[in-house]
Amino acid sequence: MNACRRTGIAVVICAPSGTGKTTLCRRLLQEFPNLVLSVSCTTRPPRQGEVNGRDYEFLSSEEFLHKRDAGFFAEWAQVHGSFYGTPLAAAWTLSAEGKDVLFDIDVQGAAQLRRALPAARLIFLFPPSRAELERRLRARGTESEEGLALRMATAARETDQARWFDFWIVNDDLDRAWQELRAVYVASTLSPALRPQWQAALSAEWGLS
Ligand code: ADP
Ligand code: 5GP
């Protein structure tokens, strides 16, 4: 085996819809080119500005179920009445290219990925309050009243699962939440196992066994 090959880490981030996960993930992806987003498949319709293949792969229910039954997904779940799934290829990217992969998925998917990838770092992002979550969802302007009520009801079930995550961040002040998310990611990449390229040099210098 090539001693310099680096295996990427899986960073899983979950939050109730409207918390600010997409906003924070975009910032993280912009700053760290070695971190790539796992682009999920979904049967929900695209929102204004969303691009097929960049934000999601948008599928019909028939296409999604066909892929699911063919074993295309590392995990899948039904969220807010639509199907969502992580293509297995995203997990393969980890070892194949040495990239770190960011998974923006719901808590059901996170539980499945934790079993499949035990070394994954799981982050739960909280909104500062229910009222602020509702305000953000309304301000985003993407949901009907029905969609909003569904998201608020799901939020309570999702936060109830937060206790088995590795890290908690409250997205109150965006810059502070960003600093904390950044810190979690950077610290996760400092493990010796993720720095094989240093092993030869450090062994030569210090005689590491
Ligand atoms: P999610 O991906 O979790 O559904 P978004 O990233 O789409 O959430 O954010 C929902 C809305 O809240 C957006 O309009 C975004 O600009 C806004 N937002 C995100 N973080 C904050 C914050 N810390 N303070 C105020 N508004 C925020
Ligand atoms: P939205 O429709 O607001 O983009 O996403 C709704 C929820 O589905 C969010 O919690 C988001 O993280 C989750 N989600 C997005 N992609 C996936 C996926 O591939 N698998 C699972 N399980 N959830 C996903």
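In this predicted model, the space taken by ligand 2 is the largest pocket, a pocket being defined on a 1 Å grid over the protein atoms alone as an open set of points with protein on both sides within 12 Å along at least five of seven lines, whereas a cavity is a set of points where a 1.4 Å probe fits but cannot get out. Ligand 1 likewise takes up space that is the largest pocket, where a molecule is taken to sit in a pocket if more than half of its atoms lie within 2 Å of its grid points. Residues are numbered from 1 along each chain as its sequence is written, and chains are lettered from A and ligands numbered from 1 in the order in which they are written. Local features need pLDDT of at least 70, side-chain atom pairs count only at pLDDT 80 or more, and totals for chains, interfaces and linings use all residues, while side-chain values use heavy atoms, with hydrogens and water left out.

The volume of the largest pocket is about 1100 Å³, a volume being the space filled by probe spheres set on grid points that are joined across faces, edges and corners. Of the 43 residues that line this pocket, Thr22, Arg47, Tyr56, Asp104 and Arg140 are the closest to its centre, a lining residue having an atom within 4 Å of a point. Helix 1 (21–31) gives the most to this lining, with seven residues, and helix 5 (130–140), helix 6 (145–159), strand 5 and strand 6 are among the elements that each supply at least two; helices (H or I, at least four residues) and strands (E, at least two) are DSSP runs numbered from the N terminus. By residue class, the lining of the largest pocket divides into 13 nonpolar, 15 polar and 15 charged residues, with Ala, Val, Leu, Ile, Met, Phe, Trp, Tyr, Cys and Pro counted as nonpolar, Asp, Glu, Lys and Arg as charged, and the others, Gly among them, as polar.

Around ligand 2 there are 19 residues, of which Lys21, Ser40, Arg44, Tyr56 and Tyr84 come nearest, a residue being near if one of its heavy atoms lies within 4 Å. Polar contacts (pairs of N or O atoms within 3.5 Å) include one between an oxygen atom of ligand 2 and a polar side-chain atom of serine 40 at 2.6 Å, and one between an oxygen atom of ligand 2 and a polar side-chain atom of arginine 47 at 2.9 Å. A nitrogen atom of ligand 2 lies 2.7 Å from a side-chain N or O atom of glutamate 75. Taken alone, ligand 2 exposes 510 Å², of which the protein buries 95%, accessible areas coming from the Shrake-Rupley method with a 1.4 Å probe. Strand 5 (73–79) and strand 6 (82–87) each supply at least two residues of this shell, which divides into six nonpolar, six polar and seven charged residues.

Ligand 1 is surrounded by 13 residues, the closest being Gly18, Lys21, Thr22, Thr23 and Arg140. Backbone atoms take part in its contacts, with a polar backbone atom of threonine 19 at 3.3 Å from an oxygen atom of ligand 1 and a backbone N or O atom of glycine 20 at 2.9 Å from an oxygen atom of ligand 1, while a polar side-chain atom of arginine 140 lies 2.7 Å from an oxygen atom of ligand 1. Taken alone, ligand 1 exposes 570 Å², and the protein buries 76% of that. Helix 1 provides the largest share of the shell around ligand 1, three residues.

Notes: Polar contact = N/O pair within 3.5 Å; in protein donor to acceptor, adjacent residues only side chain to side chain.
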